[in-house]
Amino acid sequence: MVALWPPCRLPAVLATAGLWDPRVAYWEPIKWVQTLRHHQRQATAEEKRKNSKRRSATEPAPLLLKMDMHAGHFSASDRYKHLEELAFGWAFLLDRLGMTAAAAAAADDHDDSGEGQQQLVEGVSSRRRKVDL
């Protein structure tokens, strides 16, 4: 496999594709994600080689492929299936932003005063860590 760029950290990727897509053959997104994973492995190995004396605390970002076995180029034509796919994408984004634990804590707080929502907003805005998308 030919190196397309120097080894570097890649962001998290959620690639979606449809098996019955007439414009993009099903193997193209598979090969693309595999190429990204190959370069990510190279970057991780290079980072470990450079930092052999100290441990790297970060792990590589996920590179995921979601292949819809019933959809084509424009995804699902069913309204509910489309909403389900939107929810999947939002769940991936919220997970990468680290908002899942705060959202669960706010959902467990069943008061109607809006206090749980305020805690969620404060918890998200008070985070000072770097988010590795």
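Q: Which residues line the largest cavity?
A: The lining consists of Cys8, Arg9, Leu10, Gln40, Ala43, Thr44, Glu47 and Pro60. A cavity here is a set of points on a 1 Å grid over the protein atoms alone where a 1.4 Å probe fits but cannot get out, and lining residues have an atom within 4 Å of a point. This is a predicted model, in which local features need pLDDT of at least 70 and side-chain atom pairs pLDDT 80 or more, whereas totals for chains, interfaces and linings use all residues. Residues are numbered from 1 along each chain as its sequence is written, and side-chain values use heavy atoms, with hydrogens and water left out.

Q: How much space lies in the largest cavity?
A: About 30 Å³, the volume being the space filled by probe spheres set on the grid points.

Q: Turning to salt bridges, how many are there?
A: The count is 3, each requiring a side-chain nitrogen of Lys or Arg within 4 Å of a carboxyl oxygen of Asp or Glu.

Q: Which residues are linked in a network?
A: Salt bridges link Asp68, Lys81 and Glu84. The closest N and O atoms of Glu84 and Lys81 are 3.7 Å apart, and for Asp68 and Lys81 the N to O distance is 4.0 Å.

Q: Is Asp68 buried or exposed?
A: Asp68 is buried, at 10% relative accessible area, while Lys81 is partly exposed at 28%. Buried means under 20%, exposed over 50%, and partly exposed in between (1.4 Å probe, protein chains only).

Q: And what does Arg49 pair with?
A: Arg49 forms a salt bridge with Glu46, at 2.6 Å from N to O.

How values were computed: On a 1 Å grid over the protein atoms alone, a cavity is a set of points where a 1.4 Å probe fits but cannot get out, and a pocket is an open set with protein on both sides within 12 Å along at least five of seven lines; lining residues have an atom within 4 Å of a point.
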